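Hi everyone, thanks for making time today. I'd like to walk you through a structure, so please have a look at the screen.

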Amino acid sequence: MMDSNFHPGAVRLQDLIDAIVTEYGGLRVTRVLLANMLARLRRRPLNKGMSNHLRRDIGLPPRDPPPPFRDLMM
């Protein structure tokens, strides 16, 4: 069986970038790259507002230290 994604020679990154810029234009490629970079900066972590119970359920360490233990037998 042949792999349709097989490229006989090594593909250089510069060649791929040149092909994309040729097909879509430099301004459009730059705009998309900048938009993707800014979108990554704006994303907030999913665990930011989670309680310690939820963090523990998904395997994350607690955000705050546990409350002090009080001896209820007194």
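Predicted model: local features only at pLDDT ≥ 70, side-chain atom pairs only at ≥ 80, totals over all residues.

The protein chain has 3 helices and 0 strands. Reading from the N terminus, the order of elements is α-α-α.

How much of the chain is buried? Of its 74 residues, 3% count as buried. The chain exposes about 7,700 Å², and carbon and sulfur atoms supply 63% of that area.

Now to the helix pair. Helix α1 covers residues 13-24 and helix α2 covers residues 26-42. Their axes are 6 Å apart, and the two helices pack at an angle of about 115°. Angles of 65 to 115 degrees count as roughly perpendicular, and α1 and α2 are therefore described as roughly perpendicular to each other.

Which residues make the contact? On the α1 side they are Ile20, Val21 and Tyr24, and on the α2 side Gly26, Arg28 and Val29. Sorted by class, this contact of α1 with α2 has 4 nonpolar, 1 polar and 1 charged residues.

Let me stay with Val29 for a moment, which sits in helix α2. Is Val29 buried or exposed? Its relative accessible area is 16%, and buried means under 20%, so Val29 is buried. Setting aside neighbours within four places in sequence, Val29 is in contact with Ile20, Val21 and Tyr24. Another pair to look at on the screen is Val29 and Ile17: they lie 12 residues apart in sequence, and their C-alpha atoms are 9.4 Å apart in space.

Last stop, the charged side chains. How many salt bridges are there? The count comes to 1 salt bridge. Asp15 forms a salt bridge with Arg12, and the closest N and O atoms are 4.0 Å apart. What about the exposure of Asp15? Its relative accessibility is 41%, so Asp15 counts as partly exposed.

That's my tour, and I'm happy to take questions.

Definitions and conventions:
Residues numbered from 1 in each chain as written. Heavy atoms only, no water. Axes fitted to C-alpha atoms, helices over the stretch in contact; angles between N-to-C directions. Helix = DSSP H or I, 4+ residues; strand = E, 2+ residues; numbered from the N terminus. Parallel < 35°, antiparallel > 145°, perpendicular 65-115°, else oblique. Contact = heavy atoms within 4.5 Å. Nonpolar A, V, L, I, M, F, W, Y, C, P; charged D, E, K, R; others polar. Buried < 20%, exposed > 50% of the residue type's maximum accessible area, 1.4 Å probe, protein only. Areas by Shrake-Rupley, 256 points an atom, 1.4 Å probe, with all protein chains shown as cover.
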